[in-house]
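Morning, everyone. Please have a look at the chain on the screen, and I will walk you through it.

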Amino acid sequence: DEELGRKAGMATQYGNLGIVAAKRGDLKMAVDYYNQSLALNEKLGRKAGMAVNYGNLGLVAIEQGDLEMAVEYYNQALALDKELGRQEGMARHYGNLGVVAAERDDLEMAVDYYNQALALDEELGRKEGMASNYANLGAVAFKRGDLLEARQFWVQARGLFAEMGAQPAVAQFDQLLADLEPPAEP
């Protein structure tokens with residue numbers, strides 16, 4: 001792409017290199033790659049690419065414990081995806097904003113974001129997104145001490161993960177649900 005002068009391709013590859021660096025745990029390198037991709041996408045006016053870059057930078061910010069920066073990145077990504085009508089991206093950003101809100105113990109805001117994400121994922125038929133949002137809503141209910149509501153959300157999440165064949169997630173929810181069971185009376 002560099003040799004051919006294909007800046008759009010370069011932007012994509014820098015973004016992909018950022019994903020690999022993040023998976024390897026090299027967050028500094030990931031940020032460098034995402035910023036290179038973002039600069040090219042901005043220069044080219046590729047708003048969808050910019051939204052992806054901002055979303056990825058938000059994920060890194062969460063990993064680094066910088067919740068303020070994560071919110072800033074997610075809001076930038078959300079604004080671009082709203083402008084473009086990219087519902088899948090919007091759902092992802094709402095879900096991530098919910099994670100930040102839950103991390104801050106702003107449970108009402110977390111539920112609001114998760115519900116916005118869930119509505120979009122349901123409209124799109126995105127089972128993975130729906131399952132994640134049900135899981136997160138269950139975690140909020142659990143944190144509030146509402147074990148019945150937590151169970152209901154986790155059963156929904158488990159069912160969707162089972163439909164997708166995501167056995168590790170199914171096993172995780174089987175354990176969570178088993179842990180919610182009251183101990184048997186002697």
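A word on the source. This is a predicted model, where local features need pLDDT of at least 70 and side-chain atom pairs count only at pLDDT 80 or more, while totals for chains, interfaces and linings use all residues. Residues are numbered from 1 along each chain as its sequence is written, and side-chain values use heavy atoms, with hydrogens and water left out.

What is the secondary structure of the chain? It comes to 9 helices and 0 strands. Helices here are DSSP runs of H or I with at least four residues, strands are E runs of at least two, and both are numbered from the N terminus. The C-alpha trace spans about 75 × 30 × 30 Å along its principal axes. The chain has 186 residues, and 41% of them count as buried. Buried means under 20% relative accessible area, exposed means over 50%, and partly exposed lies in between, with a 1.4 Å probe and protein chains only. Now contacts, meaning heavy atoms within 4.5 Å. Take those between residues at least 6 apart in sequence: 43% join residues at least 24 apart.

Helix α1 covers residues 7–23 and helix α2 covers residues 27–44. Their axes are 8 Å apart, at an angle of about 160 degrees. Axes are lines fitted to C-alpha atoms, for helices over the stretch in contact, and angles run from 0 to 180 degrees between N-to-C directions. So α1 is roughly antiparallel to α2; that label needs an angle over 145 degrees. The crossing is left-handed: the near helix is turned anticlockwise from the far one by less than a right angle. Among the contact residues are Tyr14 and Leu17 of α1, and Tyr33 and Leu40 of α2. By class, the contact has 15 nonpolar, 5 polar and 2 charged residues. Nonpolar covers Ala, Val, Leu, Ile, Met, Phe, Trp, Tyr, Cys and Pro; charged covers Asp, Glu, Lys and Arg; the others, Gly among them, are polar.

Now helix α5, residues 87–103, and helix α6, residues 107–124. Their axes come within 8 Å and cross at roughly 160 degrees. That makes α5 roughly antiparallel to α6. This crossing is left-handed. The contact includes Tyr94 and Leu97 of α5, and Tyr113 and Leu120 of α6. It has 15 nonpolar, 4 polar and 3 charged residues.

In the loop between α5 and α6 sits aspartate 105. Its phi is positive, about 65 degrees, although it is not a glycine. Most residues other than glycine have a negative phi. Aspartate 105 is exposed, at 52% relative accessible area.

On to the rings. The whole structure holds 6 aromatic pairs. In one of them, phenylalanine 161 and phenylalanine 173 have ring centres 5.7 Å apart and planes at 20 degrees, so the pair is stacked. Rings of Phe, Tyr and Trp (its six-membered ring) pair if their centres lie within 6.5 Å, and stacked means planes under 30 degrees apart. Phenylalanine 161 is in helix α8, and phenylalanine 173 is in helix α9. Are they buried or exposed? Phenylalanine 161 is buried at 12%, and phenylalanine 173 is buried at 5%.

Last stop: glutamate 181, in the segment after α9. It is partly exposed, at 44%. Glutamate 181 and arginine 151 are 30 residues apart in sequence, and 9.5 Å apart in space, C-alpha to C-alpha.

Notes:
Rings of Phe, Tyr and Trp (its six-membered ring) pair if their centres lie within 6.5 Å; planes under 30 degrees apart count as stacked, over 60 as edge-to-face and the rest as tilted. Angles under 35 degrees count as roughly parallel, over 145 as roughly antiparallel, 65 to 115 as roughly perpendicular and the rest as oblique.
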